[in-house]
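Open your viewer and get ready to click through a structure. Each stop says what to select and what is there.

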Amino acid sequence: MHGASGHETTVLFGLHPLWVATLLFVATYAVIMTDKLNRAIVALLGAGLLILVGVLDQKEAMGAVDWNTLGLLLGMMLIVNITRRSGLFQYVAIWSAKKVDASPWGIMLMMSIVTAVFSAFLDNVTTVLLTVPVTLLITEELKVKPYPYLFAQIFASNIGGTATLIGDPPNIMIGSATGLTFNDFAIALTPVIVVIMVATLVPLYFIWGRHLSATDENRRHVMGFNEREAITDPRLLKQSLLVIALVILGFMLQRQTGIEPATIAIFGAAVLLLLDNLGKDSETQSKNVHAALSEAEWITLMFFLGLFVLVHGIQKAGLIDLMAQGLLKATGGDFNVTALAILWASAVLSAFIDNIPFVATMIPLIKAMAPTFGGDAALLPLWWALSLGACLGGNGTLIGASANLVVAGLAERAGTGFRFLEYLKVAFPLMLISIVLSHLYLYWRFL
Amino acid sequence: MTTPLIYNTVFPSLRDTDTLAEATRRMLENHVSDLPVVDGAGRLLGMFKLERLLAVLLPKAATLGDGVPDLAFMSDTIEQLRERMREIEGAAVHQFVVEPEHVLHADTSPFEAVLLLYKGANAIPVFAPDSRTLVGMVSARDVLAALQPAGAK
């Protein structure tokens with residue numbers, strides 16, 4: 001075996017690195033798509049094999065890992081895990097349901113908005129794990145079918161997550177790879193996300209909302225909820241809100257301070273851990289810190305770690321350059337066509353495959369187009385196209401995003417079936433509407 | 001050489017056609033929270049556990065992970081809880097039967113029983129050697145009784 005130092009070197013059995021890296025990459029993605037093996041196992045195995053066969057050495061592999069993305073994800077996971085103990089999320093959900101007098105359509109509207117707003121600042125899966133059980137509780141009390149509510153929340157989580165740098169993993173990866181800040185994302189994407197949210201809720205009203213009804217007695221049950229009782233730890237609530245506000249402020253001032261998002265999130269998590277543990281004995285501190293750390297989604301973090309190595313492997317072997325050339329050839333080298341092709345291809349593919357590996361692959365591919373289009377700065381519309389396509393495309397099918405599967409799983413356990421085709425019939429056209437709006441927005445504002 | 005397990009051979013049980021109302025009555029009468037469910041031949045079909053009954057009384061959402069970690073904000077009264085109980089008390093216990101988490105055999109070491117009880121088991125079914133025929137139940141109470149000096153009550 002030879003050390004791989006360029007495309008001309010050979011790896012195991014004298015094979016060309018391009019073929020070996022491509023084979024491993026395709027095989028890894030294929031196994032991930034089958035869902036037969038945990039995705040973290042597959043990604044780490046693929047990454048390990050790339051090193052073992054000599055496509056990369058360990059130093060290159062470690063250098064390929066985007067620690068900024070991992071740090072930001074971990075920091076936000078820790079902050080959410082600590083904050084959830086305060087009861088904040090139940091409080092907001094119950095408060096919003098009561099604000100509309102527990103009317104069935106009003107609750108659907110409010111829970112969608114709450115989910116979208118939470119999702120803009122939290123991971124989508126975390127958001128639905130926090131809000132869907134409250135929705136199920138409220139719909140059970142109202143004695144209305146939960147399916148329309150859960151459907152709306154799936155859409156809201158994926159749409160809301162698209163609005164900011166920290167709302168959805170694809171945006172975190174894009175931001176980290178390009179240096180685009182929280183404000184860049186908010187200014188570029190939030191306007192169209194608001195429009196898409198409204199454009200999604202209107203059809204949902206006509207499909208389900210206008211038919212929903214509940215008896216006065218059942219509505220009184222919900223109105224009888226005391227949201228203040230949902231706050232289980234007022235001290236922790238104040239500490240959490242303070243830290244979340246400071247972290248978001250840190251993101252907003254990123255350009256001025258030059259502090260990277262991972263540092264802001266990890267430091268925020270450390271401050272919240274400190275505040276939560278001040279004055280507690282060492283055993284309680286160990287227990288609290290252990291609980292917060294163990295509840296982080298390590299599967300997701302390890303999955304990312306493996307993917308970064310895999311993508312760097314095919315990048316070094318030359319596959320990314322070949323793919324970029326292929327895409328440019330297909331679009332005739334036209335910038336506008338390339339941007340819109342990325343939007344649509346990302347949306348359709350993300351509806352069926354995991355958008356995280358897809359975006360991990362697309363990032364170096366888009367970067368490789370910089371010389372053709374006049375440098376890195378000119379690529380900005382392509383990044384927004386990728387973000388909108390990859391994040392919103394996840395709404396298209398039940399397997400399009402992790403949050404969709406989590407909601408379906410919770411619904412199944414609560415006795416509400418989520419069928420692939422039943423979901424697809426309404427979701428895919430709605431997803432296409434969101435992509436048409438994104439298309440128009442990109443064309444109007446950036447192309 | 002192991003000491004024969006000390007277990008209770010006289011124990012309350014349920015048939016799978018019994019109702020929840022009957023199950024709760026027997027739990028109260030016998031001061032137990034887990035009851036074995038057996039067929040006509042005395043073979044164990046599973047366990048009816050109080051926690052399953054409590055889960056049915058709760059809103060489903062409260063039993064799904066950490067999403068609704070407490071229900072202090074709900075204003076329902078004990079009468080509403082009774083109403084929920086009345087709605088389900090006619091259901092047959094077979095809908096709620098679960099596999100026992102642990103089983104012992106009549107010749108198992110008593111230390112194993114003590115270990116399982118220490119780990120939180122309430123009542124453990126005891127089978128005849130090499131069969132699923134239920135011959136007894138062992139609970140912490142049975143172990144305590146067995147630990148008393150000979151002749152002591």
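**Ground rules**

This is a predicted model: local features need pLDDT of at least 70, side-chain atom pairs count only at pLDDT 80 or more, and totals for chains, interfaces and linings use all residues. Residues are numbered from 1 along each chain as its sequence is written, while chains are lettered from A and ligands numbered from 1 in the order in which they are written.

**Stop 1: chain A as a whole**

Select chain A. It has 24 helices and zero strands. Helices (H or I, at least four residues) and strands (E, at least two) are DSSP runs, numbered from the N terminus. The C-alpha atoms of chain A fill a box of roughly 75 × 55 × 45 Å along the principal axes.

How much of chain A is buried? Of its 447 residues, 50% count as buried. A residue is buried if 20 or more other C-beta atoms lie within 10 Å of its own, exposed if 12 or fewer, and partly exposed in between; C-beta atoms are placed from the backbone.

**Stop 2: inside chain A**

Select A:Val359, A:Ala385, A:Leu386 and A:Val407. These have the most contacts inside the largest nonpolar core, which has 147 residues. Such a core is a set of buried Ala, Val, Leu, Ile, Met, Phe, Trp, Tyr and Cys residues joined through C-beta atoms within 7 Å.

Now keep A:Leu386 alone. Leaving aside neighbours within four places in sequence, A:Leu386 is in contact with A:Ile174, A:Ile342, A:Ser346, A:Val359, A:Met362 and A:Ile366. Contact means that the C-beta atoms of two residues, placed from the backbone, lie within 7 Å.

Next, go to A:Ala102, in the loop between H5 and helix H6 (104-121) of chain A. Its phi is positive, near 55 degrees. Most residues other than glycine have a negative phi. A:Ala102 is buried, with 22 other C-beta atoms within 10 Å.

**Stop 3: where the chains meet**

Show both chains. The contact takes 21 residues from chain A and 13 residues from chain B. On the chain A side, H7(A) gives the most, with eight residues.

**Stop 4: the sheet in chain B**

Select S3, S4 and S5 of chain B. They form an open sheet in the order S3-S4-S5, with mixed pairing. S3 and S5 of chain B stand at the edges, each with a single partner strand, so one side of each has no neighbour in the sheet. Two strands pair if DSSP finds at least two bridges between them.

Two bridges join S3(B) (residues 104-105) to S4(B), and these run parallel. Look for B:Leu104 opposite B:Val126, and B:His105 with its bridge partner B:Phe127. Five bridges join S4(B) to S5(B) (residues 134-139), and these run antiparallel. There, B:Ala123 has B:Ser139 as its bridge partner.

Is S4(B) enclosed or open? Four of its five residues (123-127) are buried, so S4(B) is largely enclosed by the rest of the structure.

**Stop 5**

Finish at B:His31, in the loop between helix H1 (20-30) and strand S1 (34-38) of chain B. Its phi is positive, near 55 degrees. B:His31 counts as exposed, with 9 C-beta neighbours inside 10 Å.
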